[in-house]
Amino acid sequence: MILENIIKSINQNKINMSFQTYIKNIEEKTEKSRSDFERLAAEKGFTEDGKIKKGIKATEIINWLKEDFELGHGHATAMYAYINGKRE
């Protein structure tokens, strides 16, 4: 049981590090900060008061990120998750 918990913790740390690495790489590639993406999403009408508006689909935001910022699908999905409130 202890070994299982250690493995689970290690795997969770890899996932967290991977997400943060994706976000950092996006910021470096686009020269836009996380908060820039949140602001831009609001300007595009995707979010309101920091939350994705009802009726907005993930694919709409992901496609916008891919098209306007030339992000790959994985990076666009990570930034969508950030805009949607994921922090780890």
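Let me begin with a term: a residue is called buried when its relative accessible area is under 20%, exposed when that area is over 50%, and partly exposed in between, with a 1.4 Å probe and protein chains only. What you see above is a predicted model, in which local features need pLDDT of at least 70 and side-chain atom pairs count only at pLDDT 80 or more, while totals for chains, interfaces and linings use all residues. Residues are numbered from 1 along each chain as its sequence is written, and side-chain values use heavy atoms, with hydrogens and water left out.

First, the overall layout. The protein has 4 helices and 2 strands, where helices (H or I, at least four residues) and strands (E, at least two) are DSSP runs numbered from the N terminus. Read from the N terminus on, the order of elements is α-α-β-β-α-α. Of the 88 residues, 26% count as buried. Taking a contact to be heavy atoms within 4.5 Å, residues 24 or more positions apart account for 53% of those contacts that have a separation of 6 or more.

Now to Thr47, which sits in strand β1, residues 47-48, and which counts as buried because its relative accessibility is 8%. If we leave aside neighbours within four places in sequence, Thr47 is in contact with Glu38, Ala41, Ala42, Ile52, Lys53 and Ile83. With Ala42 there is also a polar contact, that is, a pair of N or O atoms within 3.5 Å, where within protein one must be able to donate a hydrogen and the other to accept it, and residues adjacent in sequence count only if both atoms are side-chain atoms. Here a polar atom of the Thr47 side chain lies 3.3 Å from the backbone nitrogen of Ala42.

Glu60 is placed in helix α3, residues 58-69, and its 34% relative accessibility makes it partly exposed. A polar atom of its side chain lies 2.8 Å from the backbone nitrogen of Lys57. Not counting residues up to four places away in sequence, Glu60 touches Phe46 and Gly55, and the C-alpha atoms of Glu60 and Phe46, 14 residues apart along the chain, are separated by 8.6 Å.

On the α3 side, Ala58, Ile61, Ile62, Trp64, Leu65 and Lys66 meet His73, Ala76, Thr77, Met79, Tyr80 and Ile83 of α4.

Glu31, in the loop between α1 (2-30) and α2 (34-43), has a positive phi of about 60° although it is not a glycine, and at 72% relative accessibility it counts as exposed. Asp49, in the loop between β1 and β2 (51-52), likewise has a positive phi, near 55°, in a residue other than glycine, and Asp49 is exposed with a relative accessible area of 75%.
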